[in-house]
Amino acid sequence: MQHLKHRTNISAPRSPAPLLLTHPLIHPSTHPPVPPTLKTTLRQLTLPLLAILTAIVLTVPVIGFALDWNWAKIAAAYGGLLDGALFKRYAFSNTLVAAIPLMFTGLALALGFRTGVFNIGAPGQFLIGATCAVFVGYAIPLPPVIHPIAALTAGILGGAFWGAIPGYLKARFGSHEVINTIMLNYLAFFLQDWLVKNPMKDPNPGVIRTPEILQTAELFRFYDRLHIGLFLALLAAYGVWYLLNKTTLGYELRTVGSNPEAAKYAGMKLGRLTILSIALSGALAGLGGAVQILGVDHAMPVLYSSDYGFDAIPVALLGQNQPIGVILSAILFGALRNGSDLMQLRSGGAVSREVIFIVQAVILLFVAAPAIVRGLYRLKLPQSEIEKEGSLTRGWG
């Protein structure tokens, strides 16, 4: 097996190395996928759109039963969902505010899926990134512009560190990243709880939380509550796309995710790439936590919500693990969250806002099993990127 460790020069990230094509362990279908074109991407959006439509239709019986099948009230409930998400004053900007953290965590999970790791640790990495950012935000006085940059950097480093731990354990000891990241979520949760109640506690009596960040650390708002974190999320999406499709490092990461045997035969360092992939994923989640603190919350209470990490799983899958798809699906989930309050109000409280979680769950079900959608609508669509890469289940193997 010594010859398998021979290093092969890889200078062209856009095409597989010839050596990979001749190795008997490698089937051509397992080569790293070719970057999708715009036409391919649009065709792949058909299944997610049908999954969303089907999920919304399936909630009609739930809402109808809650409203005694009064169609006027049912229409008012759905109208409230649309108004709250899009059409009321500041509704769309608030939808984008709700979508921004989902964009970061969705990108984090999509990057992990594309590189062959199932990073369940986004909630913990989001939490650690937020904790690091809030500390820099209130405890370290810095000039404007420099202060938010320093706090965001702290969030990135915190998330990357928290992600690198399960990466190292997987690379060094072979322990599975799913178990490691779940355990690290618990550690992050209790660590944050202890920090907020003890060394980071606001000295003023009253609510138990950290002090508010200094004004110099706040992210600039340009429309109501909408802040520049939106542009940072779009920049992060472009960065992920560029990394995966235009760089040698991205080629190596995708190769490891598609076929570890091929990567090993080509001389790639699997351990280093595994650690790096989860660390980069954690950095994105940590940046999301930092942006949420600096742009919206400005302080961290105990039991700080980390739902963004778990909600990122359907966001990434619905977006087909493509950066542009993640951005769009994050906006959809942000709209559902933002509109659910008005839907509950318009229904007189009969329809709980939690019905939106049913929609999310059904969407995830259909996206994870696209054959159901194909069967329902009798479609002959090409396989999605998730199906081609097997990225949803590879991490469990």
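Predicted model: local features only at pLDDT ≥ 70, side-chain atom pairs only at ≥ 80, totals over all residues.
1. Helix H7 (residues 122-139) has the highest confidence, with a mean of 95, and helix H1 (residues 18-22) the lowest, at 43. The score is pLDDT, the predictor's confidence in each residue, from 0 to 100. Helices are DSSP runs (H or I, at least four residues), numbered from the N terminus.

2. For the protein, mean pLDDT is 82, and 84% of residues reach 70 or more. Residues 1-32 stay under 50. The model gives that stretch 46 contacts (heavy atoms within 4.5 Å) beyond four places in sequence.

3. Local features need pLDDT of at least 70, and side-chain atom pairs 80 or more, while totals for chains, interfaces and linings use all residues. Residues are numbered from 1 along each chain, and side-chain values use heavy atoms, without hydrogens or water.

4. Now look at helix H11 (residues 248-258) and H13. Their axes (lines fitted to C-alpha atoms over the stretch in contact, with angles from 0 to 180 degrees between N-to-C directions) come within 10 Å and cross at roughly 100°. H11 is therefore roughly perpendicular to H13 (65 to 115 degrees).

5. Which H11 residues meet H13? They are Leu249, Glu252, Leu253 and Val256. Their partners in H13 include Leu270, Arg272 and Leu273. The contact has seven nonpolar residues, one polar and two charged. Nonpolar means Ala, Val, Leu, Ile, Met, Phe, Trp, Tyr, Cys or Pro; charged means Asp, Glu, Lys or Arg; the others, Gly among them, are polar.

Terms used:
Helix = DSSP H or I, 4+ residues; strand = E, 2+ residues; numbered from the N terminus. Parallel < 35°, antiparallel > 145°, perpendicular 65-115°, else oblique.
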